[in-house]
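I opened this notebook to record what I looked up in one structure. The entries follow the order in which I consulted it.

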Amino acid sequence: MMNTDTKKRPKLPYKILCVDDEDSTLQALRHLFNYFGYQVIVARSGEEALSILESHLDLNVIISDERFKPDQMKGSQFLKQSRELCPDAVRILLTAFSDAAELEEAVNEAEIFRGVSKPWSNKALALIVKEGIMRQQEARKQQKRTETLTKRGQHFHQVSQELAKKSRKQEEQINQLLEDQRRVREIRGEYEKQRDTLIDLLEIYDRKMASHSRRVAKWCRIMAEVVPGLCKTKFQKVSFQMAGLLHDVGKIGLEKELLAISIESLSQKDLQERQRHAVLGQRILRKLDAFQDIRVVIRHHHEQYDGSGFPEGLAKGQIPPWSRWIALANDYDNLRNTELYGERFDRPNAREQLKSWKGQRYGSDSVDRFIDEVLIPHALEEEEEAWIEEVNFRGLKVGMTLARDLYTINDQLVLSAGKIITPGIRQKLEDEYEDQNNHLIDIFVDVREKN
Ligand SMILES: [Fe+2]
């Protein structure tokens, strides 16, 4: 036995439970391990040791004698049971040398780190304990690393799932956008054909009315961009513009003389007849699928905020929002460019006139926003309107100058603004772009007199 009477070592953060029914053995073990700085707890039977374990789950080492009194559990049995409470404790069994076979069985069954024969060598036992604790600490570190990795893995998994969720959402948004674009193309293809036919009819019926419709459509294009929430998708923007363009299409069904007279000069009967154009417009479009979203808008573009409009006398929030905004653009253009109200108003007077209709034709907020967000910031475009005119492909004649860049429906730039249409260009455009899949759109020409 080594001499343990010399000065004690510094305390170690490790606990050892020693179990033996002989006080002298316990004393010797306590003495030995205290010397090395370990904390030592003792028990005199397996049963007592198990109850101690319940409150010392952080034990590092359990050393137990094998032999107890006949009515008590054996050391190997106790060590086996101790695995439940302290699964990673270092288990050491003290046994007589003659128990070699029994020891081997216990080592296998109770996950015993070492069997030590009595009488033991202090030095050897201390080394076994030290080695056991080192392995235990290494295993605990490894366990911690695994847990950290697992946690990181779980976090990574969670992040991946969130990313996948986000990317699914983005994919849905992209699909929605693509679907929107597809509908825009499809509907614009249809629109182009049907709209051109209707605009041709308007032109033939009354050229001034056709110009008015184009200007209202231009304000709709601007409103669609600047009024929040008015048009949520590109498809809606195109539809809203079309509603502006065709808002008065019902006038085709009226006697032309009715349109030439200012409102003030109309008899009550003629006024009522003229007002039918809103309902007629809806009726004209009823069989054209491409315009299904705008029929109701056209029907109600003369309703008024106070309920005094036509055809149904809707008021305030009952009026479809697109109809309310088209009414503003319609009135403004009529004030500025027609003699519907007896004279043409200059810009400030037209704005004042709109304001004077607050609370009657429109809500106060709508008028202020139309003036502040649409008219004032786009005054230059209003100037430009005097010399820019939109034409359809049939109306694009040799000698005309393009006022804006010319694109196909697939956003392919064909000619730049300022280009003069020569016979060769006209023919080329016809040959290359007038098929249904890639036709020209938004053709604007300069209608100023050339010197
Ligand atoms: Fe109208």
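The entries below concern domains, sheets, a helix pair and the backbone.

**Entry 1: the model.** I noted that this is a predicted model, in which local features need pLDDT of at least 70, side-chain atom pairs count only at pLDDT 80 or more, and totals for chains, interfaces and linings use all residues. Residues are numbered from 1 along each chain as its sequence is written.

**Entry 2: domains.** I looked up the division of the chain and found domain 1 (15–141), domain 2 (206–386) and domain 3 (388–451). Such bounds come from an automatic or database domain assignment. The C-alpha centres of domain 1 and domain 2 are 96 Å apart.

**Entry 3: sheets.** I first wrote down the terms: helices (H or I, at least four residues) and strands (E, at least two) are DSSP runs, numbered from the N terminus. Two strands pair if DSSP finds at least two bridges between them. I traced β8 (residues 406–408) to β10 and found two bridges in the antiparallel sense; tyrosine 407 has isoleucine 441 of β10 as its bridge partner.

Another open sheet of three strands runs β6-β11-β7, also with antiparallel pairing. Here β6 (388–391) and β7 (401–402) are the edge strands, each pairing on one side only. Two bridges link β7 to β11 (residues 443–446) in the antiparallel sense, and leucine 402 stands opposite valine 445 in β11.

**Entry 4: a helix pair.** I looked up α7 (residues 234–246) and α12 (residues 321–337), which pack at about 50° with their axes 10 Å apart. Axes are lines fitted to C-alpha atoms, for helices over the stretch in contact, and angles run from 0 to 180 degrees between N-to-C directions. The two helices are therefore oblique to each other, as angles under 35 degrees count as roughly parallel, over 145 as roughly antiparallel, 65 to 115 as roughly perpendicular and the rest as oblique. Phe240, Ala243 and Gly244 of α7 meet Trp322, Ile326 and Ala329 of α12 (contact: C-beta atoms, placed from the backbone, within 7 Å).

**Entry 5: backbone.** Most residues other than glycine have a negative phi, and most peptide bonds are trans. I found a cis peptide bond between lysine 118 and proline 119, with omega about -10°. Proline 119 is in the loop between β5 (114–118) and α5 (122–205). Phenylalanine 310 and proline 311 are also joined by a cis bond, omega near 10°. Lysine 316, not a glycine, has a positive phi of about 40°.

How values were computed. Two residues are in contact if their C-beta atoms, placed from the backbone, lie within 7 Å.
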